Amino acid sequence: QASRCDVVLLPGCWLERPEDVATLLERADVARCCEVLRQAWKRGAVLGSSCSGTFVFAQAGLFDRRHA
């Protein structure tokens, strides 16, 4: 349903150790989420995230050539 939303918010995931970030980003569901985020971005949706969800944004390439 995010493919039709004007605003997409990605919450943080429960990660206890720094190395858990790499494990998160390797998951198939996160890869699908990255694709949905890229499509929403291209459509002009407003995107937001918190905590470890920002790593998913980075994985999707949404921070490429941008200043944080």
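This is a predicted model: local features need pLDDT of at least 70, side-chain atom pairs count only at pLDDT 80 or more; totals for chains, interfaces and linings use all residues.
1. Phenylalanine 63 has a relative accessible area of 41%, so it counts as partly exposed. Residues are numbered from 1 along each chain as its sequence is written, and side-chain values use heavy atoms, with hydrogens and water left out. Phenylalanine 57 is buried, at 6%. How many aromatic pairs does the count give? It gives 1 aromatic pair. Phenylalanine 57 and phenylalanine 63 form it, with ring centres 6.1 Å apart and 45° between the planes, and the pair is tilted. The rule takes rings of Phe, Tyr and Trp (its six-membered ring) with centres within 6.5 Å; planes under 30 degrees apart are stacked, over 60 edge-to-face, and the rest tilted.

2. **The cysteines.** The disulfide count comes to 0. Cysteine 33 is in no disulfide: the nearest cysteine sulfur belongs to cysteine 34 and is 6.0 Å away. For cysteine 34, likewise in no disulfide, the nearest cysteine sulfur is that of cysteine 33, at 6.0 Å. The rule asks for two cysteine sulfur atoms within 2.5 Å. Are these cysteines buried or exposed? Cysteine 33 is partly exposed, with 25% relative accessibility. Cysteine 34 is buried, at 3%.

3. **Strands E1 and E2.** Helices (H or I, at least four residues) and strands (E, at least two) are DSSP runs, numbered from the N terminus. E1 runs parallel to E2, and 4 bridges join them. Strands pair if DSSP finds at least two bridges between them. Which residues of E1 are on its covered face? Val8 and Leu10 are, while Val7 and Leu9 are on the uncovered one. In a regular strand the side chains alternate between the two faces of the sheet.

4. **Serine 52.** Find this residue in the loop between strand E2 (46-49) and helix H3 (53-59). Serine 52 is buried, with 5% relative accessibility. Its side chain reaches the backbone nitrogen of cysteine 13 at 2.7 Å. That is a polar contact: N or O atoms within 3.5 Å; within protein, one able to donate a hydrogen and the other to accept it, and residues adjacent in sequence counting only if both atoms are side-chain atoms. Beyond its neighbours within four places in sequence, serine 52 is in contact (heavy atoms within 4.5 Å) with Gly12, Cys13, Leu15 and Leu24.

5. **Glycine 12.** Glycine 12 sits in the loop between strand E1 (7-10) and helix H1 (20-25). This glycine is partly exposed, at 32%. With neighbours within four places in sequence left out, glycine 12 is in contact with Ser50, Cys51, Ser52 and Gly53. From glycine 12 to glutamine 59 is 47 residues in sequence, and 14 Å in space, C-alpha to C-alpha.

6. **Salt bridges.** Side chains of opposite charge can pair when their charged atoms come close. The whole structure holds 4 salt bridges. Each needs a side-chain nitrogen of Lys or Arg within 4 Å of a carboxyl oxygen of Asp or Glu. Arginine 17 meets glutamate 19 at 3.4 Å, N to O. Arginine 17 also meets aspartate 20, at 2.8 Å. Arginine 17 is partly exposed at 47%, and glutamate 19 is partly exposed at 45%. Aspartate 20 is buried, at 14%. Another bridge joins aspartate 29 and arginine 27, with the closest N and O atoms 2.6 Å apart. Aspartate 29 is partly exposed at 34%, as is arginine 27 at 40%. Which residues do shared partners join into one network? They are Arg17, Glu19 and Asp20.

7. **Arginine 43.** Arginine 43 is in helix H2 (residues 28-43). It is partly exposed, at 40% relative accessibility. Arginine 4 is 39 residues from arginine 43 in sequence, and 8.9 Å from it in space, C-alpha to C-alpha.

Technical notes
Buried means under 20% relative accessible area, exposed over 50%, partly exposed in between (1.4 Å probe, protein chains only).
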